[in-house]
Amino acid sequence: MPPYENTGHPRRWAILGVLVISLLVVVLDNTILNVALRTLADPVHGLGATQGELEWSINSYTLVFAGLLFTFGILGDRAGRKRILLVGLVLFGLASLLSAYAQSPAQLVAARALMGVGGAAIMPVTLSIISNVFDPRERGRAIGVWASAVGLAVAIGPILGGALLEHYWWGSVFLINVPVVALGVVLVALLVPESRDPSPGRVDVVGVLLSVVGLVALTYGIIDGGEHGFARPLVWVAILGGLAVLAWFVAYERRTDHPSLDVRLFRVPRFAAPVAIVGLVFFAAMGVMFFSSFYLQLVRGLSPLQTGLLYLPFAAAQLVFAPSSAAMVRRYGGRAVATVGLTLTVVALGAFALVDATTPIWVVLVILFLQGTGMANIMPPATESIMSALPREKAGVGSAVSNTVRQVAGALGVAVLGSVLSAVYRADVEPALRDLPAGAREAAGESISGAYAAADRLGPAAPQLIAVADEAFLAAMHWAAGLAAAVAVLGILVVLRWMPGRPAAGAGAPEQVGEPELAGTA
């Protein structure tokens with residue numbers, strides 16, 4: 001028995017297991033989609049989606065998810081976290097059915113956006129419930145388990161997706177969510193206690209609308225520019241307009257007495273530094289994951305299942321290192337652990353800039369293991385630092401900020417790095433396409449998936465087109481990987497400059513951000 005009175009819930013570890021199941025379905029869905037991208041781009045076996053539509057199939061989910069996280073965090077604090085979790089699970093399951101049977105890329109993008117609504121209701125309340133049912137002195141360990149579940153889902157997703165695509169149609173990668181959701185609903189109803197903030201804030205409708213409009217406009221401009229070029233005025237209207245709306249959002253949040261995002265929190269290093277780290281890491285990592293699927297399935301010719309199995313080292317690293325990261329933080333301090341984790345992540349992301357068509361597969365496995373190890377030692381200490389900066393009843397605030405930054409950064413990472421990938425690919429492949437028929441030239445010039453689809457109709461000229469497309473894609477991948485590594489290096493600088501070192505005594509108490517100051521925070 002511990003030498004102190006444990007204020008946690010008697011069933012807290014069983015509750016954590018239920019929350020992990022609820023969390024798995026949200027994270028699993030994003031990563032399971034990565035191995036289905038090539039199939040979705042196929043006009044025969046998929047939906048014939050363009051690269052821009054593929055990016056939107058990812059980003060429609062993450063942007064809606066990110067835009068509504070604050071709202072559902074507040075609704076959970078007000079109406080009850082268990083109730084909102086159940087609503088989110090049911091909505092996520094229904095939207096998964098719609099995604100599975102989408103008949104066009106536009107329908108898939110819309111259904112994925114609806115899934116984002118369900119995911120936004122699920123994710124923040126899981127972390128809020130953890131903060132409420134665990135004693136502050138156990139919370140770091142619990143969040144380590146929560147973070148390792150995220151890492152496990154990131155790795156399981158491609159494996160499960162690959163196995164499903166080997167035997168079933170592409171919609172099965174969404175249909176698999178339904179039984180997991182059903183199990184989650186039953187277990188949440190039976191085991192998870194209801195909890196709420198005794199002094200909840202009002203819903204910040206204006207702030208939510210501004211954040212969603214700003215993020216969607218910015219991401220649309222980046223994706224559309226990457227797909228069709230940045231010379232058109234519409235692209236810059238969207239990008240600059242999105243940035244202007246986001247600036248308006250920040251200004252509004254500073255003035256309102258019920259902000260969805262309390263910008264005062266970013267003055268506190270213990271809160272702001274880990275938020276920045278989470279954003280930078282996910283920007284880099286999600287962008288790399290987007291193009292690595294095309295590299296493995298097209299350039300290397302691996303099946304979806306083989307591609308998924310290559311992520312096993314990433315999963316193993318998460319399972320081994322994430323649960324023990326809390327102990328590492330107690331021993332060495334958050335700054336040291338996060339620095340090591342970020343350094344490993346930089347090495348792994350940068351290594352993709354050296355990978356080519358003949359790189360041994362074992363090298364790719366080592367890269368993914370290093371990335372998993374690095375991220376396993378970044379997320380738990382960062383998340384614990386964010387959550388411990390707030391009192392228990394305001395857990396929804398920290399959860400919403402952490403998850404919103406992760407989702408927004410991931411969406412922007414896919415958009416920005418995907419645009420870099422598209423722009424470099426088009427510039428490199430265009431000179432070799434001049435003698436092709438118009439239809440094949442247009443398809444091959446858009447993306448490597450289009451080039452492979454066009455090659456199927458070219459007969460003897462196909463091998464030459466595939467070789468040119470592979471070479472152009474590898475050059476584009478190297479540029480995108482280099483940019484991702486540079487972004488992760490910024491994370492190291494943030495850690496060294498602002499991340500707190502060894503945790504203060506009584507971790508979990510809101511020493512830097514006191515309850516009186518946050519009394520009006522939503």
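This is a predicted model: local features need pLDDT of at least 70, side-chain atom pairs count only at pLDDT 80 or more; totals for chains, interfaces and linings use all residues.
Local features need pLDDT of at least 70 and side-chain atom pairs count only at pLDDT 80 or more, while totals for chains, interfaces and linings use all residues. Residues are numbered from 1 along each chain as its sequence is written, and side-chain values use heavy atoms, with hydrogens and water left out.

**View 1. Serine 60 in helix α3.** Helix α3 covers residues 51-79 and includes serine 60; helices are DSSP runs of H or I with at least four residues, numbered from the N terminus. Serine 60 counts as buried because its relative accessibility is 6% (buried is under 20% relative accessible area, exposed over 50%, partly exposed in between, with a 1.4 Å probe and protein chains only). Its side chain reaches the backbone oxygen of valine 109 at 3.1 Å. Leaving aside residues up to four places away in sequence, serine 60 touches Val109, Arg112 and Ala113 (contact means heavy atoms within 4.5 Å).

**View 2. Helix α16.** This helix has 16 residues, 361-376. At 1.5 Å a residue it should span 22 Å, and its end C-alpha atoms are 23 Å apart, which agrees (the expected span is 1.5 Å times one less than the number of residues). Among the buried residues of α16 are Val364, Ile367 and Leu368.

**View 3. Valine 90 in helix α4.** Valine 90 is found in α4, residues 81-100. With 43% relative accessibility, valine 90 counts as partly exposed.

**View 4. Leucine 312 in helix α13.** Helix α13 spans residues 312-321 and contains leucine 312, which is partly exposed at 44% relative accessible area. The C-alpha atoms of leucine 312 and isoleucine 156 are separated by 7.6 Å, although the two are 156 residues apart along the chain.

Technical notes:
Helices (H or I, at least four residues) and strands (E, at least two) are DSSP runs, numbered from the N terminus. A polar contact is a pair of N or O atoms within 3.5 Å; within protein, one must be able to donate a hydrogen and the other to accept it, and residues adjacent in sequence count only if both atoms are side-chain atoms.
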